[in-house]
2 protein chains.
Amino acid sequence: MPGAVPSASGGLPDKRRAISQAARRVFGREGYARASLDVIAAEANVAKRTIYNHYAGKEQLFLSVAIEGADAVTEAVRVLMERHLRKIVDLEEDLIAFCLDRAKAVTEFPDHFALVRTIHAEVTRLPDAVLERWTAHGPPSAHKRLAPYLQKIADRGLLEFDDAEKAANRLNTLTTNDVLIRSFYGAVPLPEPVVEETITEGVQAFLRLYAPPSAAPHQQN
Amino acid sequence: MPGAVPSASGGLPDKRRAISQAARRVFGREGYARASLDVIAAEANVAKRTIYNHYAGKEQLFLSVAIEGADAVTEAVRVLMERHLRKIVDLEEDLIAFCLDRAKAVTEFPDHFALVRTIHAEVTRLPDAVLERWTAHGPPSAHKRLAPYLQKIADRGLLEFDDAEKAANRLNTLTTNDVLIRSFYGAVPLPEPVVEETITEGVQAFLRLYAPPSAAPHQQN
DNA sequence: CACGGGATGCACTGGTGAGTGCAATTGTTG
DNA sequence: CAACAATTGCACTCACCAGTGCATCCCGTG
């Protein structure tokens with residue numbers, strides 16, 4: 001009955017993977033309290049009892065899935081940064097492409113961002129250790145990882161700032177965060193053209209703030 | 001046993017007010033699914049049966065409280081705009097004072113913002129009509145209400161932009177939203193000095209973007 | 001003082017869900 | 001084939017909670 005590949009290959013023992021994927025889906029869709037282990041088991045094609053062979057209980061399962069998701073997104077963003085920001089051809093174009101891809105991830109991984117909303121709702125009930133891992137591994141750490149790239153770009157004279165982390169946070173704020181908030185973290189997706197306009201204008205604003213006064217900045221909004 | 005003032009004075013019939021306040025607290029603290037009407041009744045010093053005399057059920061109660069809260073915040077923001085943005089003395093100072101007060105509201109009304117987190121989590125399950133009322137009455141409408149004030153300021157030549165709503169959204173993005181996101185919507189409050197720094201620098205960035213090139217802009221971050 | 005409406009306490013129904021125990025089954029490995 | 005571990009199905013306990021019905025009580029009003 002299991003998929004096709006036996007559990008021979010590396011990675012998680014097959015069942016565990018199915019459980020964690022189903023859990024991410026269900027927790028995202030239903031929230032923590034509503035989500036039931038029976039449903040998760042059903043969607044994973046697994047006996048409820050099996051879940052308890054892999055996880056201590058509901059809470060443990062949720063936390064595990066949350067951290068996994070955070071790491072996955074962090075990794076995805078890292079790839080995007082490598083792709084768009086390693087070699088700069090046209091700074092404005094590259095930044096827009098990067099931020100757009102990043103914003104699109106919101107609508108392309110609805111499971112994960114549904115989970116993000118759930119985590120926000122549960123934040124006050126989360127164990128401190130988990131909250132720390134979340135802020136360290138998850139979305140909140142995005143601008144920390146962006147900072148070195150901006151620093152390198154600044155070293156080449158294409159940007160100008162004192163504090164790379166603040167600049168990174170500002171870019172985030174002007175683009176991704178704006179889209180995130182206005183779309184309720186992806187729950188009510190913005191129309192594609194609106195996303196593009198928001199990102200483009202956000203990047204342009206960022207460049208007006210941080211580009212050295214050499215190349216003429218583009219027009220105002 | 002009820003408080004002191006009889007239900008003689010205007011406003012809601014006393015009990016109803018107690019219920020709605022307790023409901024806001026409990027829904028905010030526990031989330032929708034966890035919150036139990038027994039607990040709400042207990043915290044309101046009211047019999048559970050009484051809740052059903054005023055509200056059709058749990059869902060109705062939640063929605064009612066949510067909309068009430070949204071209206072309250074909208075009103076509070078309106079007052080702040082009147083206080084700080086009606087008569088401009090020093091634009092930078094006034095904007096900072098306004099945004100600071102606005103941001104402080106997050107930490108001063110934890111009940112409400114806890115509710116906001118809950119609503120985010122429930123957004124996908126909310127009836128369309130309620131979601132519309134929320135976006136129209138609640139936080140998302142803040143920049144719409146801010147726009148006319150900025151427009152008046154621009155008419156006096158202190159700001160320069162084509163689209164007042166976009167400018168308003170940008171100010172929001174650079175100040176309040178930044179604080180909101182970084183504090184998990186008030187769940188993990190930022191230290192006061194950090195809030196001040198964030199707001200100040202956000203306003204300064206806003207002015208660099210939208211102030212006409214007359215008065216020398218302040219220093220970069 | 002009699003009346004009536006809201007408030008109260010309480011018991012009860014029906015439903016759901018976390019977590020467990022166990023015996024039977026399946027797949028893997030030597 | 002035999003031993004072993006993971007998986008499964010299922011029944012069961014315990015707890016919680018939305019919503020209801022009802023008899024009682026407390027209140028201000030006429």
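Which residues of chain A do ring pairs link into a cluster? I looked this up in a predicted model. Ring pairs join F27(A), Y32(A) and F62(A).

**Entry: aromatic rings**

I took the count over all chains, and there are 11 aromatic pairs. Next came Y32(B) and F62(B). Here the centres are 5.1 Å apart and the planes at 70°, so this pair is edge-to-face. The pair connects distant parts of the chain: Y32(B) belongs to helix 1 and F62(B) to helix 4, 30 residues apart.

Y32(B) is buried at 13%, and F62(B) is buried at 3%.

**Entry: charges over rings**

I turned back to chain A. The charged end of K58(A) sits over the ring of Y32(A), 4.7 Å from its centre. The charged end of R16(A) sits over the ring of Y55(A), at 4.6 Å from the centre.

**Entry: DNA strand C**

I listed 17 residues around DNA strand C; A35(A), L37(A), K48(A), K15(B) and T50(B) come nearest. They divide into five nonpolar, six polar and six charged. Helix 3 of chain B gives the largest share, four residues.

One is 2.8 Å from a polar backbone atom of L37(A). A polar side-chain atom of K15(B) lies 2.9 Å from a phosphate oxygen. For the side chain of Y52(A), I noted an N or O atom 3.2 Å from a phosphate oxygen.

Technical notes: Residues numbered from 1 in each chain as written. Chains lettered and ligands numbered in written order. Predicted model: local features only at pLDDT ≥ 70, side-chain atom pairs only at ≥ 80, totals over all residues. Heavy atoms only, no water. Near = heavy atom within 4 Å. Polar contact = N/O pair within 3.5 Å; in protein donor to acceptor, adjacent residues only side chain to side chain. Helix = DSSP H or I, 4+ residues; strand = E, 2+ residues; numbered from the N terminus. Nonpolar A, V, L, I, M, F, W, Y, C, P; charged D, E, K, R; others polar. Phe/Tyr/Trp six-rings, centres within 6.5 Å; stacked < 30°, edge-to-face > 60°. Buried < 20%, exposed > 50% of the residue type's maximum accessible area, 1.4 Å probe, protein only. Lys NZ or Arg CZ within 6 Å of the ring centre and 35° of its normal.
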